Amino acid sequence: MAFKLIIVGGGRMGSALAEGLVDARWCATNEMAVVETSAEQREALAGRLPGVAVIASLEIEHVDDASGVVICVKPEHAEAVARMAGAMGATRLLSVVAGLSTQRIEATLPQPIAVIRSMPNTPVLVRKGVSAIAGGAHVTKEDLDWAESILGAVGTVVRVTERNIDAVTGLSGPMPAYLYLVVEALIEAGVHQGLSRDVAQQLVIGTFEGSAALLVSTGETPEELRHQVTSPGGTTAAGLRTLENRAVRSAFIDAVAVAAERSRQMGR
Ligand SMILES: NC(=O)c1ccc[n+]([C@@H]2O[C@H](COP(=O)([O-])OP(=O)(O)OC[C@H]3O[C@@H](n4cnc5c(N)ncnc54)[C@H](OP(=O)(O)O)[C@@H]3O)[C@@H](O)[C@H]2O)c1
């Protein structure tokens with residue numbers, strides 16, 4: 001039986017996508033398959049995805065000219081998966097694989113088909129991810145709509161040109177790690193001021209969540225919200241001046257630039 005959507009790789013990214021798509025009723029569960037090599041992972045997935053076919057390998061009968069394939073394996077396996085899916089007749093490929101260009105995927109394919117590359121981030125695991133998508137040489141607006149509808153099941157989707165994917169890979173890809181570092185540092189700062197670690201964690205993580213909610217719900221810019229908590233000559237102004245003196249803003253600009261450049265090198 002051929003499937004409408006086949007997710008190859010049922011690890012962290014693939015399983016989060018599959019669960020999001022089932023909950024969003026993207027298609028009937030019996031129209032979706034997850035291909036996963038690990039027997040242990042297959043067993044876990046089958047329990048979490050009732051009605052979805054969880055299979056050990058992609059076979060020719062699983063694919064027809066209406067099948068789309070999402071590649072969610074590690075980069076070293078991705079080109080082989082693309083080659084196989086293309087050879088079996090899939091008409092659309094969506095890759096979440098970091099550092100793998102649409103040109104490299106297209107070069108593995110026996111015939112030209114729609115290839116869309118994406119860069120999601122880890123909040124997709126709680127359906128609050130941000131993914132950027134870029135189309136390859138044979139992609140139509142409908143193909144991009146298709147990819148957006150898939151990644152939209154686990155968060156927000158932004159369309160960019162492939163040239164900008166490296167910038168995305170330096171910015172929103174690692175951004176959860178950048179923010180966790182800020183959170184860690186602030187917890188440490190609270191402990192240095194004599195707070196227990198538990199209290200410091202509650203204060204910092206709660207404020208992190210609340211500040212993000214304010215940013216999203218008010219629609220005000222980060223600058224406006226920052227000005228609202230910065231009384232002239234007050235405590236926040238003193239703290240912010242120290243951060244600016246230590247060039248925190250420019251450290252982030254450099255971090256994103258270095259990560260984007262690393263992505264460019266990896267893609268060559
Ligand atoms: N996790 C993230 O936050 C994130 C963010 C952006 C992009 N990505 C991209 O997403 C991709 C997957 O990442 P992940 O974190 O989900 O990795 P993961 O948890 O290791 O999942 C990959 C899964 O695919 C299985 N697999 C390997 N080769 C296969 C094949 N030929 N057919 C079917 N299944 C196969 C693996 O099984 P074995 O373990 O047995 O090999 C593993 O269970 C990567 O390319 C990564 O660049 C991930």
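The largest nonpolar core in this predicted model has 54 residues. A nonpolar core is a set of buried Ala, Val, Leu, Ile, Met, Phe, Trp, Tyr and Cys residues joined through C-beta atoms within 7 Å. Buried means 20 or more other C-beta atoms within 10 Å of the residue's own, exposed 12 or fewer, and partly exposed in between, with C-beta atoms placed from the backbone. V8, L17, V70, I71 and L93 have the most contacts inside the core. Helix 1 (residues 12-23) gives the most to this core, with five residues. Helices are DSSP runs (H or I, at least four residues), numbered from the N terminus. Residues up to four places away in sequence aside, L17 touches I7, V70, C72, I150, A153 and V154; contact requires C-beta atoms, placed from the backbone, within 7 Å.

Residues are numbered from 1 along each chain as its sequence is written. The model is predicted: local features need pLDDT of at least 70, side-chain atom pairs count only at pLDDT 80 or more, and totals for chains, interfaces and linings use all residues.

Helix 7 (residues 175-192) packs against helix 8 (residues 197-218) at about 140 degrees, with axes 8 Å apart. Axes are lines fitted to C-alpha atoms over the stretch in contact, and angles run from 0 to 180 degrees between N-to-C directions. On the helix 7 side, V183, L186, I187, G190 and V191 meet R197, A200, Q201, L203, V204, I205 and F208 of helix 8.

A80 lies in helix 3 (residues 75-87). A80 and T108 are 28 residues apart in sequence, yet 7.9 Å apart in space, C-alpha to C-alpha.

How values were computed: Helices (H or I, at least four residues) and strands (E, at least two) are DSSP runs, numbered from the N terminus. Two residues are in contact if their C-beta atoms, placed from the backbone, lie within 7 Å.
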